[in-house]
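Biologist: I have a new model open and want to learn how to read it. Please take me through it, one feature at a time.

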Amino acid sequence: MNKDQQEIRKKSPIQIRNKKASFEYFFVDTFTAGIVLTGTEIKSIRAGKASLVDTYCDIYNGEVWVKGMNVSPYFYGSFANVPSRRDRKLLLNKREIHKLEEANKTPGFTIVPTLIFIDEHGRAKVDIAIAKGKKEFDKRQTLREKQDRREMDRAIKHF
């Protein structure tokens, strides 16, 4: 990920994160994908009404699909609202899909969405990561590091 991509994510007014994924997995490689949405779904995401809890990606017939992503029905929508937890197609190029297929076949690896954001053109994008599951002691280590960072930040603020 280059600096321009990081700046776009920081400037995005909407950043829906999968906080549990960073606790449960080590991220090996990340990709940015477009997502196929209906009109009312994009309006809900722009309102911040989406969740990535218990979400994962799967590959069918050379296409990547995100499963379990919750996009709440748009409040002002009518008959155009769709089910909130439907499968949604991700837009990647063939080379990226091939990399994801190879990683998904490897035991211990999975594909997890980590962030939904709106790019500079107003389109919803999803960051997905090839992830390897953490063991129990790795999770404790992550919590310790997080706590140490907080303490260091507090110490710096007091000076």
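Biologist: Which helix gives the most to the positive patch?

Modeller: A word on the source before that. This is a predicted model, where local features need pLDDT of at least 70, side-chain atom pairs count only at pLDDT 80 or more, and totals for chains, interfaces and linings use all residues. Residues are numbered from 1 along each chain as its sequence is written, and side-chain values use heavy atoms, with hydrogens and water left out.

Modeller: Now the patch. Patches are made of residues with over 30% relative accessible area and no salt bridge; like charges are joined within 9 Å, and nonpolar side chains (Val, Leu, Ile, Met, Phe, Trp, Tyr) within 5 Å. Lys and Arg count as positive, Asp and Glu as negative; His and the chain ends are not counted. Helix 5 (residues 136-158) gives the most, with five residues. The patch on the surface gathers Arg 17, Lys 19, Lys 146, Arg 149, Arg 150, Arg 154 and Lys 157.

Biologist: How many helices and strands are in the protein chain?

Modeller: Both are DSSP runs, numbered from the N terminus: helices are H or I with at least four residues, strands are E with at least two. Here there are five helices and nine strands.

Biologist: Is Lys 157 buried or exposed?

Modeller: Buried means under 20% relative accessible area, exposed over 50%, and partly exposed in between (1.4 Å probe, protein chains only). Lys 157 lies in helix 5. Lys 157 counts as exposed because its relative accessibility is 71%. Asp 127 sits in strand 9 (residues 124-133). At 6%, Asp 127 counts as buried.

Biologist: Which side chain joins Asp 127 in a polar contact?

Modeller: A polar contact is a pair of N or O atoms within 3.5 Å; within protein, one must be able to donate a hydrogen and the other to accept it, and residues adjacent in sequence count only if both atoms are side-chain atoms. The partner of Asp 127 is Thr 32, at 2.8 Å.

Biologist: How many salt bridges are there?

Modeller: The rule asks for a side-chain nitrogen of Lys or Arg within 4 Å of a carboxyl oxygen of Asp or Glu. The count is six. One of them joins Arg 86 and Glu 41 at 2.7 Å, N to O. Arg 86 is in the loop between strand 6 (70-71) and strand 7 (88-91), and Glu 41 is in helix 3 (residues 39-46), so the pair ties together parts 45 residues apart in sequence. Glu 41 is buried, at 3%.

Definitions and conventions: Areas by Shrake-Rupley, 256 points an atom, 1.4 Å probe, with all protein chains shown as cover. Charge placed at Lys NZ, Arg CZ, Asp CG, Glu CD.
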